[in-house]
Amino acid sequence: MNKRRDWSVEEKLDVLKKYDELLKMSQRQAACKLNVSQSLLGRMLISRQEIKNTSLENVNSNRKRKRAGKEEEVKEALKQWFTKNGHLLSPNILRLVCSMRMKLDFISGHYLSTLTRLKIKKTRGTKSSKERLTILCCASMDGEKRKLLAIGKSKNPRCFKGVKNLPVDYTANSNAWMTKEIFIEWLTKWDNELRHDVLLLVDNCTAGNLTATMSNNNISQPGNSPSEDYLTRDLGTQLRIFQLNVEGISSDKSRYLERQLKEHKIDVVLLQETHVPDELQMTRRATISGYTLISALYHRSYGSDTYLADMLLTSLAKSRKERRIETMEKLDFKHSSREAWNLLRRLDPNPTRTKSIPKIKPDEFANRIIEMTRTMMDKETARKVTMNLKTKKREATDRSKWAENFVSEEVQIALKSVKTGKAAELDGIHPEFLKNCGPNTRKWLADFFSDILCSGKLPKLFKTTKGLEEPLTNDFNKLDSYFKRWRLKPNPTKTEVTVFHLNNIKASQEININFGGQEVRNTKHPKYLGVVLDRTLTYREHLTRLSKKVKTRQNIISKLSSSTWGTDANTLRISTLSLVYSTAEYCAPVWINNVHTKNVYKHLNAAMRTIGGLMKSTPLKWLPVLSNIAPPKLRREHALLQEWKKYANNPFLPIHTDLTALEGAQRLKSRKPPWKTARDLTKDKFNISSKWENDWIIENPDNQKLVTNPTIKQPGFDLERSTWVTLNRIRTGHGRNGHMMYKWGLRDSETCDCGYESQTINHIITECPIRTFKGTIEDIHLTKEEAVEWMKNLDVKL
């Protein structure tokens with residue numbers, strides 16, 4: 001007897017489709033042709049509409065049996081919840097367990113954790129099995145799943161022998177059950193991996209009732225079991241939740257709720273709204289003063305709303321800020337830099353940025369219109385134009401003084417005006433050869449130009465770049481054959497070709513070269529070893545891109561501190577050198593004399609201001625001194641000199657011969673080649689420390705004469721961030737005092753609160769009767785103990 005077969009929805013639809021394509025016949029004949037029983041075909045035809053509706057409900061088309069719940073309203077509610085991905089916090093399962101460092105964050109996502117206990121059924125005629133296995137499942141509303149945690153009885157089961165990697169995390173105890181210790185260990189491990197805050201919903205399990213034995217005080221401890229029927233459930237001292245079922249929220253109910261919630265100090269309000277006619281009516285609900293609606297889900301029978309107290313949101317924001325400040329102040333590279341670098345990577349913004357809309361110029365718009373409206377000329381019109389041209393040629397005079405053949409003397413006069421030192425054309429002939437050619441060559445050139453004049457046709461080589469394309473294509477073909485012989489596969493899509501020409505007319509010239517059967521892409525700005533090139537070697541495009549990259553990294557440094565909190569100056573200096581300067585100074589000797597370096601300068605200055613906590617009005621000479629980083633220009637000159645010495649002193653390097661032959665070989669007269677700068681630095685016996693000290697003496701912005709040696713670390717590098725910032729603003733004389741705030745237009749008067757007409761930094765230190773420092777400004781610069789204490793207690797936040 002044949003076994004009964006279950007047909008899926010997709011198979012039933014296929015049978016019905018084939019049935020409709022058959023010719024008119026009886027059901028019995030159709031069943032034989034479709035290889036199905038007549039009764040089954042009859043049932044399919046009767047339930048045709050139901051089958052089609054099932055396929056349109058976005059269910060699994062391979063499903064063979066339809067299993068439906070008994071409660072239709074529950075089914076509809078779950079379907080709408082999963083469709084809208086809203087928040088549905090059930091009162092019976094709400095148990096708050098925060099992630100060991102944070103209290104609550106509804107934005108990052110909710111995680112639901114459940115326990116499943118597997119028990120082997122009793123076999124007939126045998127004793128009941130004692131085998132038990134507990135599985136901990138945890139998943140978020142966004143679909144993110146945690147690795148399963150399996151709990152068994154044996155610590156090292158025999159079946160695990162030889163197994164190195166398990167698809168789950170395994171632990172064991174005598175009862176194969178979840179305990180508080182196992183749950184805390186699992187939660188602690190997850191907390192160390194988290195980079196954001198989560199809200200964890202745990203089912204009714206005693207292991208979820210965390211005790212105060214945990215080292216982190218931010219873990220919420222539930223006070224009552226979810227099975228107890230209380231309107232308010234005290235979840236420790238951190239959070240109180242209020243649950244209520246209402247028939248819409250009117251203004252009267254809103255005022256009543258406001259009084260009750262404030263009286264009981266409720267933090268979270270969970271409401272179920274019933275008898276709401278439509279979603280529009282739900283959006284017109286009255287607001288509850290002092291509470292913010294963070295999620296709402298509409299349903300025809302009930303809806304769910306979640307409110308958070310404004311004080312709770314403020315407290316959470318404050319707690320986040322305190323934790324951020326604590327994290328930044330603990331950032332240190334002295335012992336282990338792994339945590340510091342991990343933090344810097346997390347601070348890096350999203351690399352995928354929105355592309356800016358390109359600006360369309362009027363000329364491009366006009367050219368596009370011309371291209372779109374250009375039509376092909378028909379044969380009859382082309383024939384008439386050709387005949388008209390021939391007629392005009394016949395009517396023209398045979399000879400004129402402008403159509404006479406060229407002579408050798410005219411060619412000689414023209415060659416005298418040719419400039420030397422230019423690049424050779426496609427024929428490989430330099431201008432010097434033509435300028436010094438003999439009479440036979442000049443006569444041949446005169447006949448050649450006369451022939452072009454009489455025929456009116458230019459040689460094809462003058463119009464195309466075939467002379468350049470053909471040898472390059474041949475070279476690529478040789479490379480392609482070499483790769484194929486050695487079983488290598490090149491990537492032509494990453495290959496670029498660029499034509500650099502001194503003639504501005506041919507600046508945008510493109511050539512057609514094939515590599516491996518694909519056309520090589522033309523580009524105006526190729527990148528070679530990380531440097532973007534251009535035809536005039538101005539490196540403008542390279543520095544524009546470099547400026548954006550440096551700005552992104554400088555923004556990361558600025559997130560590590562502010563004027564009142566942040567990591568210490570040593571850590572900021574190391575982070576800046578390794579993150580910002582390493583990028584800004586890559587291949588700096590190449591573009592050292594470029595005028596576009598100012599685009600990079602401004603971001604380096606901003607990074608040095610962050611290290612010292614300096615104002616924008618601070619003179620630029622102060623920035624390298626207080627950050628203990630040499631000026632960018634001196635650092636580039638020092639790097640150039642080191643490279644020059646390495647190449648010039650090693651005769652075995654191939655570049656050594658080229659450097660010795662550079663004198664008099666300058667081709668671009670308007671440029672400043674790096675080798676000339678290196679030669680001048682060598683003659684002047686350049687030293688970065690001496691040059692820095694001389695520049696500081698010549699343009700010294702230090703009116704107090706506090707800094708004698710700018711190349712060393714100034715006192716106070718190890719101070720707290722707020723004290724270090726105050727110290728540097730006292731040194732420079734630029735801070736948020738009354739005089740500067742009035743100068744910037746942020747205050748109506750520069751008067752000091754002691755009555756003096758101008759509140760300058762010098763007045764605060766030496767003259768103000770309220771804040772006068774008993775020592776000298778030199779004591780503040782040297783960070784003596786009494787000076788540091790005075791700066792900490794200073795009420796003016798400079």
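Okay, let's start with a helix contact: in α20, Tyr601, Leu604 and Met608 meet Pro632, Lys633 and Arg636 of α22. Sort that contact by residue class and you get 4 nonpolar, 2 charged and no polar residues. Before I go on, remember that this is a predicted model.

Next, salt bridges. How many are there? The count comes to 18. I'll walk you through a few.

Take aspartate 20 and arginine 48, whose closest N and O atoms are 3.2 Å apart. The aspartate belongs to helix α1 (residues 9-21) and the arginine to helix α4 (residues 48-56), so this pair ties together parts that are 28 residues apart in sequence. Both ends are partly exposed: aspartate 20 has a relative accessible area of 49%, and arginine 48 has 22%.

Then there's lysine 443 with aspartate 447, a salt bridge with 3.4 Å between the closest N and O atoms. These two are 4 residues apart in helix α15 (residues 439-455), which means about one helical turn separates them. Lysine 443 is partly exposed at 48% relative accessible area, and aspartate 447 is partly exposed at 41%.

My next pair is aspartate 753 and arginine 771, at 2.4 Å, N to O. Aspartate 753 is in the loop between α27 (738-743) and α28 (761-766), while arginine 771 is in the loop between α28 and α29 (777-781), so the bridge ties together parts 18 residues apart in sequence.

Last stop, asparagine 173. You'll find it in the loop between β5 (169-172) and α6 (180-193). Asparagine 173 has a relative accessible area of 17%, and the cut-off for buried is under 20%, so it counts as buried. What does it touch? Leaving out residues up to four places away in sequence, asparagine 173 touches Ile151, Gly152, Lys153, Thr179 and Ile182. A polar atom of its side chain also lies 2.6 Å from the backbone oxygen of tryptophan 177.

That's my tour, thanks.

Definitions and conventions:
Residues numbered from 1 in each chain as written. Predicted model: local features only at pLDDT ≥ 70, side-chain atom pairs only at ≥ 80, totals over all residues. Heavy atoms only, no water. Buried < 20%, exposed > 50% of the residue type's maximum accessible area, 1.4 Å probe, protein only. Polar contact = N/O pair within 3.5 Å; in protein donor to acceptor, adjacent residues only side chain to side chain. Contact = heavy atoms within 4.5 Å. Nonpolar A, V, L, I, M, F, W, Y, C, P; charged D, E, K, R; others polar. Salt bridge = Lys/Arg side-chain N within 4 Å of Asp/Glu carboxyl O.
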